[in-house]
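Colleague: I would like to learn how to read ring pairs and helix packing in a model. Please take me through them.

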Amino acid sequence: MKQNSIKAILLTFSLMLLLMVLYPLAMWGIAQLSPNQGKGFLVADKNNQHYYENIGQSFSKDHYFWGRPSAVDYNAAGSGASNKGSNNEEYLQEVEKRLNDFLQKNPTVKKEDIPVDLITASGSGLDPNISVQGAIVQVDRIAKARGLDHEKVKELIDNQIEKPLLGSLGPDKINVLKLNIELDKLSK
C-alpha cells in the first residue's frame with residue numbers, strides 16, 4: 001500500500017509539473033512566435049478606438065451590419081454556448097424571436113433567405129464572422145439607414161469577403177467588425 005501511495009504522489013507531481021508549468025510555457029513560447037505575440041489582432045475605427053478582430057462584437061443599430069447572436073452576451077471572459085439542444089422549447093422560442101426581430105427590422109427580406117448564422121449563436125458565443133449571405137440580406141436596411149446607394153454597400157461587402165483557408169477549407173466569410181469600420185469610412 002505504501003509503495004502505491006508513493007507512486008501516486010510521484011505521478012501527481014509529475015503531471016502537475018507537466019500540465020501546470022511545462023505545457024503553459026510551451027504554449028506561451030509558441031504564441032511569441034505568432035504575429036502580435038499572441039496578444040490578439042487589434043483593429044482601430046475612425047475614432048481610434050481599438051477592438052479585437054477575432055472576438056465578436058455587439059452591433060444592434062440599424063445602420064450597422066449585425067453579427068451572429070451571442071449566448072454569452074459577447075463577454076469574452078465567459079465564452080461558451082447555451083448548451084440547449086435543437087429541440088429544446090426555450091431555445092426554439094429564442095431562435096424564433098431572433099428571426100421575428102430580424103424580419104421586423106428587414107421587411108424586404110423573405111424568411112427563407114435568412115441564413116442560419118444570423119439567428120443562431122456560435123459554439124463560443126463570440127464568432128466575429130458572418131456568411132456572405134448574412135451580409136447581403138442586410139443591405140436594404142443599411143442603405144436606407146445611411147442614405148447610401150445599394151450598389152455601394154454591396155461593393156463594400158464584396159471587398160470584405162475573406163476566402164477559405166487554402167482556398168477550400170471552410171466557406172467564404174466576412175468579419176463584421178472590419179465591415180462596419182469600412183462602412184463608417186464610406187459614410188463620412
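Colleague: How many aromatic pairs does the structure hold?

Modeller: A pair of aromatic rings is described by the distance of the centres and the angle of the planes. The structure holds two such pairs, where rings of Phe, Tyr and Trp (its six-membered ring) pair if their centres lie within 6.5 Å; planes under 30 degrees apart count as stacked, over 60 as edge-to-face and the rest as tilted. Phe59 and Tyr64 are tilted, at 5.4 Å centre to centre and 45 degrees between the planes. Trp66 and Phe102 are edge-to-face, at 5.8 Å and 80 degrees. This is a predicted model: local features need pLDDT of at least 70, side-chain atom pairs count only at pLDDT 80 or more, and totals for chains, interfaces and linings use all residues. Residues are numbered from 1 along each chain as its sequence is written, and side-chain values use heavy atoms, with hydrogens and water left out.

Colleague: Are Trp66 and Phe102 buried or exposed?

Modeller: Both Trp66 and Phe102 are buried (under 20% relative accessible area; exposed is over 50%, partly exposed in between, with a 1.4 Å probe and protein chains only).

Colleague: At what angle do helix H4 and helix H5 pack?

Modeller: Two packed helices are described by the angle between their axes and the distance between the axes. Helix H4 (residues 139-146) and helix H5 (residues 150-160) pack at about 120 degrees, with axes 9 Å apart. Helices are DSSP runs (H or I, at least four residues; strands are E, at least two), numbered from the N terminus. Axes are lines fitted to C-alpha atoms over the stretch in contact (heavy atoms within 4.5 Å), and angles run from 0 to 180 degrees between N-to-C directions.
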